[in-house]
Amino acid sequence: MTSSAIPAITSSFILSDLFLLPTTVPTHSVKALIYRPNGRMLLQQRDDKPDLPFAGKWTFFGGQIEPGENLVDALRREPLEELGCLPGVPGDELFQWDWYGLQPAHNHYFSVRCDVPDEALVLNEGQAMGW
């Protein structure tokens with residue numbers, strides 16, 4: 001790397017003790033921890049796209065909050081898009097987690113008790129889903 005490349009890197013990243021952090025403002029996202037009373041949790045295997053964070057990995061259903069939307073509205077919309085139904089009533093927010101990758105996000109995690117049969121869950125996004 002030449003010294004002329006350093007200003008371009010430092011102007012878009014903050015140097016941390018461990019890694020480079022992007023200076024872009026994080027988006028807010030909701031994540032649904034969908035569970036059954038027997039303790040099983042529903043996970044989604046993400047699409048395997050190179051520009052997608054955690055591509056191909058197993059994670060919770062959810063996504064970005066759209067402009068003008070509040071947390072609960074996003075938490076109701078995302079399962080409808082991804083599973084074809086609202087599996088249950090969203091519970092309280094359990095915790096928050098910040099991701100500082102190339103697409104930073106402030107994630108809000110909510111419990112959602114699954115009150116519908118497995119047959120009602122139709123995967124519309126991702127590679128797979130499983131309990």
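Here are some questions and answers about the predicted model shown above.

Reader: Before we start, how are residues numbered, and what pLDDT do local features need?
Author: Residues are numbered from 1 along each chain as its sequence is written, and side-chain values use heavy atoms, with hydrogens and water left out. As this is a predicted model, totals for chains, interfaces and linings use all residues, side-chain atom pairs count only at pLDDT 80 or more, and local features need pLDDT of at least 70.

Reader: Which residues have the most contacts inside the largest nonpolar core?
Author: A nonpolar core is a set of buried Ala, Val, Leu, Ile, Met, Phe, Trp, Tyr and Cys residues joined through side-chain atoms within 4.5 Å. Buried means under 20% relative accessible area, exposed over 50%, and partly exposed in between (1.4 Å probe, protein chains only). The largest core here has 15 residues, and those with the most contacts inside it are Val 30, Ile 34, Leu 42, Leu 83 and Leu 121.

Reader: Which elements each supply at least two residues of this core?
Author: Helices (H or I, at least four residues) and strands (E, at least two) are DSSP runs, numbered from the N terminus. On that count, the suppliers are strand 3 (27-35), helix 2 (71-83) and strand 8 (105-113).

Reader: What is Leu 42 in contact with, leaving aside its neighbours within four places in sequence?
Author: Contact means heavy atoms within 4.5 Å. For Leu 42, that gives Ile 34, Phe 61, Leu 83, Leu 121, Met 129, Gly 130 and Trp 131.

Reader: How many residues of strand 8 are buried?
Author: Strand 8 is mostly covered. Of its 9 residues, the buried ones number 8.

Reader: Which residue in strand 8 is the bridge partner of Ile 34?
Author: Two strands pair if DSSP finds at least two bridges between them. Within strand 8, the partner of Ile 34 is Val 112.

Reader: Which are the edge strands of the open sheet?
Author: This sheet has 3 strands in the order 5-4-9, with antiparallel pairing. Pairing on one side only marks its edges, strand 5 and strand 9 (128-130).

Reader: Is Phe 54 buried or partly exposed?
Author: Phe 54 lies in the loop between strand 4 (43-45) and strand 5 (58-59). Its relative accessible area is 41%, so Phe 54 is partly exposed.
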